[in-house]
Amino acid sequence: MTEPYLRVENLVKKFGPFMALNGVNLEVYPGEVHALLGDNGAGKSTLIKTLAGVHQPTSGQLYIEGKPVNFRSPRDASDAGIGTVYQDLAVNQLMSVTRNFFMGRELKGPLGTLRMAEMDKIAHDEMLKIGIDFSDPTQAVGTMSGGQRQTLAIARAIYFGAKVLILDEPTSALGQKQQMEVLKTIKRVRKRGDIAIIFITHNEIHSQLVADRYTFLALGQVIGAGKAGELSHDEIRRLMAGGAEMKDLEGELAAI
Amino acid sequence: MSDRSEADRLTQETTFMRLVRRPEAGAFIVMLVVVTAITFASDFKAFNALGLKNNIAIISQFGIIATGAAMLMIAGEFDLSIGSMIGFAGMSMAMMLKWGLPFGLGEATPLTAFVLTMCMTLFIGWMIGTIVVRSGLSSFIVTLAFLFFLRGLTEVCFRLINQSTQISGLPDFKEESWVAWILGGEVFGWVYDLWFQLGGNINRRGEQWVDGFDARFLWWIVVAFCAWFVLSRTQIGNWIYATGDNKDSARANGVPVNKVKIGLFMFTAFCATMFAACQVYDTNTADAAKGNLMELNAIAIAVVGGTLMTGGFGSVIGVAFGAVTFGLVANAVFYIPWLDGSFYRVFVGLVLLAAVFANERIRKRITGGI
């Protein structure tokens, strides 16, 4: 069995008296899509922000390729190969595709000048690689569709060396067709074989379309995990609802 | 199923449409109208040898501070302390020249007075920026506090040390000091020499009338060129846009948002000090009321130049057009006898309102109507 690229061991995160994560374990393998599921407030956001270096864990340890690591800033995490695509995508609407693509990591010439032609070309080529042909890299991001913005953010993370790609609800704010585009993009990235994807979603159908492995969170704890073949559809639905029996919920609904 | 993709929905624009969509387009058209109107209304007097010099003087003043204000606005912050900073810097320099350096450091030269004042104002700019980014308060309130604080401090210092809120009759340093000369002297004399050779630029006695532009013309060009270059061609420029557009996403991508903002607060302080230095060394006077309301002029010019109030978008070239427009109108009363001077403010009000609407339209077109 291959070694996980990223391993999370007993991760605890407290905000003052509030226990956001209570001993979470997670293993992420290259070439796999790891679906991270859970209700609102389950701790998904805290978990990915800790992985991305935004929060520091209260206790517990992260391992990259078996070696313990500590991220003091988002920079540390991205240097270690963790690329996060946030829900709001971290793109700037008024800026061009290229300027967004290289935001914070511009290619510099003498005097800190931008190597614009080169950057335009790289942005265009990288977007093309994961399935969007962009004729005009000087176009403002504000004119792009939600799916295209998602692609931009994913392409950016991969280009800057992400080995673990964290996608925070990439399909939630999109229309049907664009959701499928994003799932296609996820599959294309998975096919490369060298990148591990953590796919956070509310949507069990989307997760079943692409996921190889599942972890379910509820109230800051892992309440279930397993490989795609091992979990039944009903089990996934039960765990997604935070462990509550779907039948009970349906019963409660019917009673109103 | 059609094979159309999302990319097909964006129609290719003609070069003309691209130009019209640029942020400086509106400012350019307004400038053309104003230049034409003032040329004819003043019977060409606004652009004779002396008229041009005087117009360029005020245009350069506006241009220097508006460039600073616009850069800061693009990064999403305001600076209302520019005007008071001008008064403070002017007071500081003139006071050192008259009463010597502080802490008994002896006689001041134009160089030491300028350098010491610049250090102080840059420090105040750094402090304003640090307060804004550390506290997360609106820069509007923080710099409003410094508007009052610095103006009051300027007046207090004047009265305590100088017994009067103005200094006049300083010796003319331009002859002996190169610092005073490059700040307050004359530049581009060859333009007027050439003009004289060609048969213009003659006074009533038949001699050459005007020798050159005020040195601040050169400083405006330097400041505006550097700002344009940094903003559109460098990494720091990309950081400034990113900071003003959405600072959270900029931060998530590793842009040092706080440093960018603090740096730009220091840049507006620098611009205000250059404004004051050119004035002090040109006229050899200082007054506690100098620079009053200049912060609002600077912001108005930045907006008319196409800078968005919400940040993330703007152009230094547009600001230059705006400075030309405002400078000409502010001076128009001297060339058009029937014009009431207060029409300047009427004009500013109207143009400002029109500019805000125009900018909002541009923003919506870029972001696809959000």
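A residue counts as buried here if 20 or more other C-beta atoms lie within 10 Å of its own, these C-beta atoms being placed from the backbone. The legends below apply that cut-off to a predicted model.

**View 1. Val222(A) in strand S10 of chain A**. Val222(A) has 23 C-beta neighbours inside 10 Å and therefore counts as buried, since the cut-off is 20 or more. Leaving aside residues up to four places away in sequence, Val222(A) touches Val24(A) and Asn25(A), and also Thr215(A), Phe216(A) and Leu217(A). Asn203(A) may be shown for reference: it is 19 residues from Val222(A) in sequence, and the two C-alpha atoms are 18 Å apart in space.

**View 2. The open sheet of 6 strands in chain A**. The strands follow the order S6-S7-S8-S3-S9-S10, and their pairing is mixed. Strand S6 (82-85) and strand S10 (221-227) are the edge strands, each of them pairing on one side only, and from one strand to the next the twist averages 15°.

**View 3. Strand S8 of chain A and the residues on its two faces**. All 6 of the 6 residues of strand S8 (residues 196-201) are buried, so this strand is largely enclosed by the rest of the structure. One side of S8(A) carries Ala196(A), Ile198(A) and Ile200(A), while the other carries Ile197(A), Phe199(A) and Thr201(A), and with all of these residues buried both faces are covered. Strand S3 (residues 33-38) runs parallel to S8(A) and is joined to it by 5 bridges; in this pairing, His34(A) has Ile198(A) as its bridge partner.

**View 4. Strand S7 of chain A and its pairing with S8(A)**. Strand S7 (residues 164-168) is joined to S8(A) by 5 bridges, and the two strands run parallel. Ile166(A) has Ile198(A) as its bridge partner in S8(A), and Asp168(A) is partnered in the same way by Ile200(A). S7(A) is itself mostly covered, with 5 of its 5 residues buried: Val164(A), Ile166(A) and Asp168(A) point one way from the strand, whereas Leu165(A) and Leu167(A) point the other way.

**View 5. Helices H6 and H8 of chain A lying across strands of the sheet**. From S7(A) the chain crosses through helix H6 (residues 176-192) to S8(A), and this β-α-β crossover is right-handed. H6(A) lies across S3, S7 and S8 of chain A and runs at about 155° to S8(A). Helix H8 (residues 233-240) lies across S3, strand S9 (213-218) and S10 of chain A, and its angle to S9(A) is about 30°.

**View 6. The contact between chain A and chain B**. Chain A contributes 28 residues to this contact and chain B contributes 25 residues. On the side of chain A that touches chain B, the residues divide by class into 10 nonpolar, 11 polar and 7 charged.

View 7. Along the principal axes, the C-alpha trace of chain A spans about 65 × 40 × 40 Å. Of the 256 residues of chain A, 46% count as buried, and among contacts with a separation of 6 or more, 68% are accounted for by residues 24 or more positions apart.

Definitions and conventions: Residues are numbered from 1 along each chain as its sequence is written. Chains are lettered from A and ligands numbered from 1 in the order in which they are written. This is a predicted model: local features need pLDDT of at least 70, side-chain atom pairs count only at pLDDT 80 or more; totals for chains, interfaces and linings use all residues. A residue is buried if 20 or more other C-beta atoms lie within 10 Å of its own, exposed if 12 or fewer, and partly exposed in between; C-beta atoms are placed from the backbone. Two residues are in contact if their C-beta atoms, placed from the backbone, lie within 7 Å. Helices (H or I, at least four residues) and strands (E, at least two) are DSSP runs, numbered from the N terminus. Two strands pair if DSSP finds at least two bridges between them. A crossover is right-handed if, with the strands pointing away from the viewer, the path from the first strand over the helix to the second runs clockwise. Ala, Val, Leu, Ile, Met, Phe, Trp, Tyr, Cys and Pro count as nonpolar, Asp, Glu, Lys and Arg as charged, and the others, Gly among them, as polar. Axes are lines fitted to C-alpha atoms, for helices over the stretch in contact, and angles run from 0 to 180 degrees between N-to-C directions.
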